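Reader: Could you walk me through this one, starting with a helix and then moving on to the chain contacts?
Author: Gladly, let's take a look together.

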Amino acid sequence: MQFNAPGEEMYGLATRYFPICRSITGNGVRESLALLQKELGSAITLNIHEVPSGSHCFDWIVPDEWNIKDAYIADEAGNKVVDFQKNNLHVVYYSEPVNLELSLEELQPHLFSLPNMPTAIPYITSFYKRFWGFCLSQEQRDALKPGRYKVVIDSTLEPGSLTYADILLPGKSKKEIVVSTYVCHPSMGNNETSGPVLVTYLAKWIASLADREHSFRFIFVPETIGAIVYLSKNLEEMKRNVVAGLQASCVGDNRAYSYLPSRLGNTVADKAAQHVLKHHAPDFVRYTFLKRGSDERQYCSPGVNLPFCSILRTRYGDYPEYHTSLDDLNLISADGLGGAWNVYARCLLLLDKNKRYRTTTPCEPQLGRRGLYQSLGTTDPHLRERALANILAYADGDHDVIDIAEICGVDALELLPLIDLLLHHNLLEAV
Amino acid sequence: MQFNAPGEEMYGLATRYFPICRSITGNGVRESLALLQKELGSAITLNIHEVPSGSHCFDWIVPDEWNIKDAYIADEAGNKVVDFQKNNLHVVYYSEPVNLELSLEELQPHLFSLPNMPTAIPYITSFYKRFWGFCLSQEQRDALKPGRYKVVIDSTLEPGSLTYADILLPGKSKKEIVVSTYVCHPSMGNNETSGPVLVTYLAKWIASLADREHSFRFIFVPETIGAIVYLSKNLEEMKRNVVAGLQASCVGDNRAYSYLPSRLGNTVADKAAQHVLKHHAPDFVRYTFLKRGSDERQYCSPGVNLPFCSILRTRYGDYPEYHTSLDDLNLISADGLGGAWNVYARCLLLLDKNKRYRTTTPCEPQLGRRGLYQSLGTTDPHLRERALANILAYADGDHDVIDIAEICGVDALELLPLIDLLLHHNLLEAV
Amino acid sequence: MQFNAPGEEMYGLATRYFPICRSITGNGVRESLALLQKELGSAITLNIHEVPSGSHCFDWIVPDEWNIKDAYIADEAGNKVVDFQKNNLHVVYYSEPVNLELSLEELQPHLFSLPNMPTAIPYITSFYKRFWGFCLSQEQRDALKPGRYKVVIDSTLEPGSLTYADILLPGKSKKEIVVSTYVCHPSMGNNETSGPVLVTYLAKWIASLADREHSFRFIFVPETIGAIVYLSKNLEEMKRNVVAGLQASCVGDNRAYSYLPSRLGNTVADKAAQHVLKHHAPDFVRYTFLKRGSDERQYCSPGVNLPFCSILRTRYGDYPEYHTSLDDLNLISADGLGGAWNVYARCLLLLDKNKRYRTTTPCEPQLGRRGLYQSLGTTDPHLRERALANILAYADGDHDVIDIAEICGVDALELLPLIDLLLHHNLLEAV
């Protein structure tokens with residue numbers, strides 16, 4: 001199996017996805033999903049779902065839909081000193097519409113900036129409490145002079161719907177492997193764009209594999225509320241079918257590989273993620289579940305308890321540009337996205353093929369008469385012969401492929417062709 | 001919950017308890033228990049039990065009752081060179097009555113001293129074999145001149161009864177938390193007085209708590225034979241009800257905190273003790289069960305197997321003054337007793353509240369609309385919000401409060417008010 | 001229990017066993033087994049079994065029987081430059097008969113030597129593919145001059161049978177402890193002779209023990225094919241009865257003690273082997289099952305899964321003389337064999353006595369009135385009293401003797417007489 005990461009193609013999609021103004025509801029999400037559908041091509045269907053505002057989903061209520069056309073702060077001379085058209089982070093997300101004239105003093109409680117990062121615009125939201133505000137760099141804020149300001153937010157916040165999407169790729173079994181990501185932040189690179197871009201390209205690759213053992217589900221939801229909505233619609237089916245899931249977030253920069261376990265850290269998703277990272281990014285960072293922050297919070301909650309873990313490049317909250325305008329297209333790269341694809345693709349393939357096998361005969365089989373063992377007895381068998389013998393030694397119906405690879409200290413993906421060889425000779429059978 | 005250790009009051013009781021001449025039977029035990037009842041006050045009943053000599057209790061037989069009025073060794077001039085009136089350790093405990101005249105040579109096999117601790121009087125017993133003897137300092141012994149000596153032990157050793165006591169404080173549940181200590185040594189500070197003093201003040205404190213989840217049992221027995229007698233009377237009930245027990249011994253000095261596990265080290269008592277010690281006395285000494293020496297020997301024996309461990313200050317056998325006259329009121333202190341109270345009280349409270357909880361909704365609940373989460377989305381939630389989320393993440397019906405605290409790396413007692421808050425909002429329910 | 005290793009006697013047997021020309025079938029095996037039967041004496045029966053060539057045993061087919069009278073390479077002058085009569089390693093084992101004249105160039109593909117060990121003759125086999133060849137030292141090979149050579153191998157390779165043997169020593173129980181070794185290599189010391197010599201002397205010693213709790217089985221088979229044949233005849237019975245097995249191989253040199261675990265490393269055989277080695281050869285080498293190479297491959301295969309591990313001196317493959325003529329009688333010694341006997345004998349005795357016990361009374365029994373505890377209460381009980389108390393504390397029906405010894409940090413063999421003492425006093429009962 002060759003793994004050729006489509007780094008450049010992914011980065012190209014990222015440049016088109018990044019500029020869209022998204023939030024947890026609204027047309028930005030719809031526009032983003034349309035872009036992904038176009039990239040997927042007509043052979044793969046991105047199913048779009050709309051859930052009306054006010055819908056009760058578990059403990060939550062779908063909020064009103066938010067859309068925005070424009071927003072600015074203008075000084076007395078009519079100069080737009082803060083302008084949403086220049087950077088869509090300039091508005092507090094979910095700001096209610098306003099059209100006011102205020103003094104600088106009255107304006108201040110509605111302004112957000114980062115004193116320690118004077119050029120960065122922070123990303124601020126107020127999804128569940130009506131509010132309005134602007135985000136700006138500390139340099140911009142310091143330049144504001146006392147005086148009167150005109151404040152305009154041309155937004156709508158009214159009943160509509162929340163939009164999410166999924167891709168379902170059937171396999172030989174109804175048992176599913178899932179990748180979930182979020183589509184809800186405006187222009188951010190690592191902490192938004194990288195996720196949907198990676199998952200889109202993983203879906204294209206999985207769709208190209210002829211002999212999928214498992215079905216695959218790729219989920220694109222607004223973070224938190226979207227995952228909760230999704231689970232409220234699909235929990236029973238997912239509990240029945242999902243064998244492993246990966247939460248994709250912050251998968252675009254090139255500074256680190258990171259692993260964030262499931263709640264108890266003991267699922268097959270955890271096992272596969274750690275195995276692949278150990279062999280392909282051995283310096284990866286290990287977090288505990290206490291460091292969770294994305295939709296693994298929902299997938300792993302006690303009442304859901306699906307086998308999800310997370311593989312990241314540099315984790316949300318652990319890089320200074322996080323949730324600011326500095327998390328932009330310069331922060332992510334073809335190499336960063338490609339590295340994530342390499343690890344995710346290996347994980348998905350390994351999870352797909354990770355069966356338990358049993359030998360078909362007591363004792364070791366006679367490999368020699370099948371041409372699988374040298375005829376001359378010398379001091380030590382060859383490496384491939386050792387590997388075949390080790391697979392047969394641990395194919396006891398209890399150990400899966402990853403377990404056997406861990407015992408042998410080798411990459412599980414290297415065992416797959418040897419297992420196929422033993423299956424071909426009827427020396428193994430799947431449990 | 002405030003923990004105000006009554007160190008001075010405990011030390012005051014210690015000064016009154018210390019001088020009494022106790023053994024495993026006899027009036028000294030009765031006098032000691034009467035003193036404790038007085039300290040407990042009329043609202044708390046110390047139930048006194050008498051078991052006749054000759055009673056069969058499991059493999060043991062209750063011995064004759066021993067009482068002593070006087071004992072001395074006088075030289076030819078009539079000088080009392082060893083005098084029980086000066087220190088009640090001067091006699092071998094359970095010595096039969098004697099009134100003899102002997103040469104020094106004939107006397108020597110009946111004398112006990114410690115060559116390496118020349119000023120200390122050792123504590124020696126012969127509970128189950130008729131014998132008589134005197135204990136004296138090596139300095140006293142070296143000063144004895146050849147000659148004739150008059151030896152008097154004015155004791156009685158005849159059928160009577162063994163005395164023990166317990167306090168039962170009912171709670172919401174019949175399930176019990178137990179603290180056991182011994183009342184059988186004569187004047188020793190850390191290895192006798194500290195235990196009953198601590199347990200008396202723990203019982204007073206527990207009795208003052210309005211909403212006890214569990215019932216509490218406080219046991220005062222002569223060591224070994226008393227614990228065996230107690231278990232022979234109460235084993236079935238205790239097997240049914242006891243969820244955790246602590247053996248209190250050597251809890252009065254101020255040199256160390258120590259933990260001695262249950263036989264397998266895996267009970268909830270062990271879990272609570274280690275958790276509290278880790279947070280309140282992180283340098284505590286860890287023993288194995290091989291170092292046991294008090295009534296955990298009975299409570300943890302295979303045929304009893306109650307979930308008992310032991311928390312000590314400096315362990316019996318591990319301080320030079322142990323079982324000598326140097327283990328006196330100077331060895332223990334208000335700080336020593338108070339420190340033990342601090343750890344025991346936290347343990348008992350934690351064991352009382354240590355339930356398993358389950359969330360009432362799949363996924364995370366919407367804390368924001370209950371005022372439990374900030375409305376503005378910024379980079380990182382507050383500490384309390386993290387703690388609430390962590391409780392909800394691990395409230396899966398499997399993890400108890402201590403487990404959750406261990407996962408989160410916090411003191412479990414700090415989680416209790418947050419759990420109450422979540423219960424109040426109907427976001428948790430006890431399993 | 002005294003352990004007097006019969007080192008010199010074993011080495012004496014080794015000198016008689018070593019010269020015989022053995023292979024996986026043929027008269028050499030029969031001659032070897034006859035020698036062992038003679039050493040065992042008439043009171044112990046070595047059961048000889050013959051299995052016809054062509055028999056199907058699991059996945060394998062018993063090969064034709066091979067016997068050899070002579071083999072040499074002669075130069076044009078008639079000098080035998082390679083002569084089987086001088087060293088029976090000079091022929092490739094299972095060589096078909098040949099009588100040819102060849103040039104040196106034509107001969108070369110049939111010659112085997114070791115460039116890095118110029119004086120050593122390698123040991124080479126071709127059991128399952130018809131072939132002929134000679135093994136010689138690199139020095140011999142380098143001395144061969146161009147020219148014509150006469151090549152004679154006076155062997156037979158035709159239907160016959162495969163020979164193996166076992167000794168069955170009944171005990172109180174049908175449950176069995178097994179030792180297996182191989183009888184199939186020609187003249188090699190550590191990697192052949194040591195095994196059957198050790199197992200013969202272990203069988204003699206076990207036969208001399210009056211009160212065996214278990215039955216014992218000692219297996220002598222050609223490696224691989226013989227073990228597979230043996231299991232194909234005895235698998236169901238062995239699955240029913242075998243509680244522990246040891247594979248004896250490379251047990252004659254004096255350079256190391258080694259432990260090679262069972263497939264999962266968690267059988268009672270593993271537990272006993274590690275315990276004994278820890279106490280009697282604490283510097284022993286630990287291998288993983290990946291380093292297996294003898295009949296543990298069959299005994300531990302998933303479809304067989306018997307509780308076998310291996311104790312070795314210096315492991316096959318880990319010493320330079322392995323599978324060469326330098327693995328001779330100088331490599332092994334009375335001390336080497338005796339050391340192996342010491343460890344194996346202790347293991348077998350421990351496995352035989354390794355029961356689970358339960359106390360007969362709740363709480364500690366009163367040892368004092370049985371004379372098992374000192375009557376005077378002083379600061380610390382004696383060592384033996386501690387050991388008795390520890391046995392009673394962990395005799396809970398779950399821990400076996402080795403478990404208790406591991407908890408107490410003592411040699412389990414030292415606990416056996418104390419357990420007998422407690423059984424004698426009816427304070428313990430076997431589970």
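Reader: What span does helix 7 of chain B reach from its first C-alpha to its last?
Author: Bear in mind that this is a predicted model. Helix 7 of chain B runs over residues 268-280, which makes 13 residues. At 1.5 Å a residue the expected span is 18 Å, and the helix comes close to that, reaching 18 Å.

Reader: Which residue's backbone nitrogen does a side-chain oxygen of Thr267(B) reach at the start of that helix?
Author: The side-chain oxygen of Thr267(B) comes to within 3.2 Å of a backbone nitrogen there. That is inside the 3.5 Å limit for a polar contact. The nitrogen belongs to Ala269(B).

Reader: Which residues of helix 7 of chain B are buried, and what covers them?
Author: Residues with under 20% relative accessible area count as buried. In helix 7 of chain B these are Ala269(B), Asp270(B), Ala272(B), Ala273(B), His275(B), Val276(B) and Leu277(B). Their cover includes strand 13 (242-248), strand 14 (258-260), strand 16 (308-312), helix 9 (334-353), helix 11 and helix 12 (412-424) of chain B.

Reader: How much area do chain B and chain A bury between them?
Author: The contact involves 25 residues of chain B and 28 residues of chain A. Of the area buried, 53% lies on carbon and sulfur atoms. The total for chain B and chain A is about 2200 Å².

Reader: Which residues of chain B lose the most area to chain A?
Author: Three residues together account for 28% of what the chain B side buries. They are Cys363(B), Glu364(B) and Gln366(B).

Reader: Which residue of chain A forms a salt bridge with Arg370(B)?
Author: There are 4 salt bridges between chain B and chain A. In the one made by Arg370(B), the closest N and O atoms are 2.8 Å apart. With a cut-off of 4 Å, that pair qualifies, and the partner is Asp59(A).

Reader: Which element gives the largest share of the side of chain B that touches chain A?
Author: Helix 10 (383-394), strand 18 (396-400) and helix 11 (401-408) of chain B each supply at least two residues to that side. The largest share is 6 residues, and it comes from helix 10 of chain B.

Reader: And between chain A and chain C, which residue forms a salt bridge with Arg370(A)?
Author: Here 25 residues of chain A meet 28 residues of chain C, and about 2200 Å² is buried. The count of salt bridges between chain A and chain C is 4. Arg370(A) has its closest N and O atoms 2.8 Å apart from those of its partner, Asp59(C).

Technical notes. Residues numbered from 1 in each chain as written. Chains lettered and ligands numbered in written order. Predicted model: local features only at pLDDT ≥ 70, side-chain atom pairs only at ≥ 80, totals over all residues. Heavy atoms only, no water. Contact = heavy atoms within 4.5 Å. Buried area = accessible area lost by both parts, 1.4 Å probe. Salt bridge = Lys/Arg side-chain N within 4 Å of Asp/Glu carboxyl O. Helix = DSSP H or I, 4+ residues; strand = E, 2+ residues; numbered from the N terminus. Expected span 1.5 Å × (residues − 1). Buried < 20%, exposed > 50% of the residue type's maximum accessible area, 1.4 Å probe, protein only. Polar contact = N/O pair within 3.5 Å; in protein donor to acceptor, adjacent residues only side chain to side chain.
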